[in-house]
Amino acid sequence: MLQDFLSTHKSAFKDHTELRAQVNTTKTVTLLAGNMVNNVQSATGGVSARVYRGGTFGFASGAEYSPDSVKSILTAATENAQFMDSQIKKGLPPLPPLQGQAKVELSTPIFEDVSQNMLIDFAKGLDDFIVKKYKNLSSRTVIANCLDIEKLLIVSDGTDTHFFQPRSQVYVFMTAETADGIPVELTEPFCIRGRFDEFFTDPRRMEEKLDLLYTRLMDKRDGVYANAGLKKCILHPNLAGILAHEAVGHTVESDLVLAGSVAAHNLNKQVASELITMIDFAHTYDGKPAPLPVYVDDEGTLAEDALLIENGILKGYMHNRESARHFDVKPQGNARAFAFNDEPLVRMRNTAILPGKDKLEDLIASVDDGYFLVKSGNGQADSTGEFMFSVDLGYEIKDGKIGKAIRETTISGVAFDMLKTVDMISDDMVWEISGFCGKKQIMTTAMGGPALRCDMNIGGK
Amino acid sequence: MNDIANYALEALKKAGADKAAVCANKDRKDEFNVQENKFTLLRTQFNDQLTLKALVGGRKGVTVINKHDKTSVDEAVADCIALAKLGMTDEAEDIAPMEHNQKFDQTIGGYDMDGLFNRTKEYVEQVNNEFPKIMLESVTSEFTTEKWQYVNSNGAAFSNEEEYYSFSNMFMGKDGEKTTSFNHYGGPLADLKTAFMDFGLQRQLLAESVKSLDTRTIEGKFVGKIIVAPTCEDMIWHTLLHYFLGEQVLIEGTSRWKDALETLVANPMLTMRSIPLNPAIIAGERITEDGFLSRDNDFIKDGILKSFALGLYGANKTGKPRAANTAHYNLEVAGGDTSFEAMIKSVDRGILINRFSGAEPGTSGDVSGIAKNSFLIENGKITDALQETMISFNITDVIKNISGISQERICDGQSILPWCCFDGVTVSGK
């Protein structure tokens, strides 16, 4: 556990200052076609300081964490802030103070380190299970990974915190070949917030999803190319989360809004169907801890939910303290840094479209000629609201029934146009917490949503 | 640095490593940040890293820490040996042999902080003056100084000291409520002699973003030619390197080119290499990730597959030859015999693609995505900027269907690439 070498400096802060000690610990085991190509541990930690003066920040970080190093990093950050203030001369006042100063202690108790042996044994067991059960694979990869983040944050005003968040995940990649020898792949991430052995104890706990993955891969072997163009699509809940994150979430991050994203001129306007409500949850969803809860952000702001779209109306953006002042709103805790040497940026937390009242079966049955899009890979957003994400698995829908699987393709649209076409929303909800969001730094985020019926551009032939 | 690396190596051997390799790094990075055309941050990072690899009975362990003190190094050594003992025996695991030990010097005379600040400020002012309809979503300018020492138990010992500037920016056209797609550009620099505005394609890309404030949507779809700009290197070249030539797909046996060495895989006008030793490449790789001296490497020459992108482990595992470097991002594609202007004139209906936002294609080679910051070509002329335009193709087909490679090439300090024209691509709009 991190020792507190920070608090003693608080009384000496002259400008707005954030002082953060942090360590990120990862363990990874990769079995590629049965070969252990990765057996790695890493621990990256240190201390950073950020100082605000006159409208610009100075930041410094170092790997050494000791009483002396904290002092020298604080001095370096202050000197950087002084240099910027002397050169840029924005002349802005200090950031408005935050109300409710307090200290928030660990939201998750620190647990004993998970052993690498646990990951190795599980990965081997899972690989054996896959080889024995799924006979028509040409290859498979199993990745077992843990990421634990511990932070100690002291701020000149706001909420000090000691934070610990563990994330454990297993990825399964399956590959098969089509009749003419073309490889096709599918991936299933299994991810939890918590210690590795809270879930990953026996591969049979994953059997149902692995069976489905294999069945769908066999479907995909016989897949056809999608017919390119604007189509009626049912997005499985797996895709609604990435839609919330990529298509809308990034455009309503305040730094992108200030740069001129499409959301800049749409506040309090209809940007989606009245069925759509979208929230960036801070730490609680439906009365339970959100998938990746954030209680205090890296600027010392107590985190609250950020309402983004309500009944189709764009209601707000996500902020850091500086942008909240610009827009004259209350910051809600979206300033987040991934590593000890990263500065906080405006980031999403648990971003979701809320469920509706329809049944997924009814959504599918309502489509005469379209696509049921089930699994996505990567996705990207744009300042215009134009988004793209890959579709690794989808099916044709003909006369309300699921038809042939389709080969990998891409779907795209303009978020605020496409969301207006949503006319049915399912009553279920799927959260996804694997992987990372990229924006100068990587970041752990959660995204969720129900199934949607909408119009989408689909790539193909 | 030498002391830390050698100390860790000896400790690994004493702790039971049959073979071991150590790399110790120390760097400092100073970085100016601009957002929305205004300076926001000066950041200084002091970073250390120590990477340990041990083989015990053919089993591998790797530990990475960012501390250099003796206590932390001792703990990391113990962890690394413990990891190796837990691993699986694999005869393909090895370390590089001793070659010609060397010290590399890629320094450029130290940090000119005022110079970097002034170049950054000048760039923002030039954008404001020359391109008032451009919004700089972010600009980052950096100076990095790094030292590393690599040693292994076969006697290999290399050290490097390097310094470089770098510049990157993300920008978009903005006029009232009209906004374009963002675009980005940048790269490493050996000095500050050139204004950032004059770096590679920077000015041209800014001008094209302004032109993209008014866009057009293609109705329906057609099969035609696309001209891919040097800024789109991920779309074709990195896809080939990862999904056809890379270690993972060759070990799995899923690469469609696994048996294609020395055969014709592309149009004979295509030659593609990785060139970390080329003087135009800034702070290029000097040793590979597994400890060999880096050399330039041909992947495809005159359309014939000459090499995979395999490291030592992948080469041992597959029985195929190891590539001469691991700097696959330092790419060079040979120029062709067509001028860019003539290439445009050769296209009756197609698009010029400056940025591609697409899916990870996978080993099938099917690629689809959105043509960003792109323009319609009609009757041999660049006409309108496009929006909501998707393209799809199979990469193994289109690299056989290259219809032209430009004489002009762009060097951004990391790669040297021309414009390439590919035929047989499905282009679809609304």
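Analyst: Strand S3 (residues 56–62) of chain A pairs with S2(B) in the parallel sense, over six bridges. Within this pairing, A:Ser61 stands opposite B:Gln45 in S2(B). Strands here are DSSP runs of E of at least two residues, helices are runs of H or I of at least four residues, and both are numbered from the N terminus; two strands pair if DSSP finds at least two bridges between them. This is a predicted model, in which local features need pLDDT of at least 70 and side-chain atom pairs count only at pLDDT 80 or more, while totals for chains, interfaces and linings use all residues. Residues are numbered from 1 along each chain as its sequence is written, and chains are lettered from A and ligands numbered from 1 in the order in which they are written.

The contact between the chains takes 68 residues from chain A and 62 residues from chain B (two residues are in contact if their C-beta atoms, placed from the backbone, lie within 7 Å). On the side of chain B that touches chain A, strand S2 (residues 38–56) of chain B has the largest share, with ten residues. That side has 26 polar, 19 nonpolar and 17 charged residues. In this count Ala, Val, Leu, Ile, Met, Phe, Trp, Tyr, Cys and Pro are nonpolar, Asp, Glu, Lys and Arg are charged, and the others, Gly among them, are polar.

Next, the domains. Chain A is divided into domain 1 (7–221) and domain 2 (229–458), with bounds that come from an automatic or database domain assignment. Their C-alpha centres lie 21 Å apart, and 34 residues of domain 1 of chain A are in contact with 24 residues of domain 2 of chain A. S3 of chain A is one of the elements that supply at least two residues each to the domain 1 side of this contact. The largest share of that side, six residues, comes from S2(A). By class, the side divides into 14 polar, eleven nonpolar and nine charged residues.

For chain B the assignment gives domain 1 (2–211) and domain 2 (221–428). Here 24 Å separate the domain centres, taken over C-alpha atoms, and 30 residues of domain 1 of chain B are in contact with 23 residues of domain 2 of chain B. S8(B) gives the most to the domain 1 side, with five residues. That side has 15 nonpolar, nine polar and six charged residues.

Chain A also has an open sheet of six strands, in the order S13-S12-S9-S16-S25-S22, with mixed pairing. Strand S13 (313–314) and strand S22 (430–432) of chain A are at the edges with a single partner strand each, so one side of each is left without a neighbour in the sheet. Strand S16 (residues 350–353) and strand S25 (residues 446–449) of chain A pair in the parallel sense over three bridges, and A:Thr351 stands opposite A:Met447 in S25(A).

Finally, the largest nonpolar core has 222 residues, and A:Ile234, A:Leu235, A:Leu373, B:Val228, B:Ile351 and B:Ile353 touch the most other members. A core is a set of buried Ala, Val, Leu, Ile, Met, Phe, Trp, Tyr and Cys residues joined through C-beta atoms within 7 Å; a residue is buried if 20 or more other C-beta atoms lie within 10 Å of its own, exposed if 12 or fewer, and partly exposed in between, with C-beta atoms placed from the backbone.
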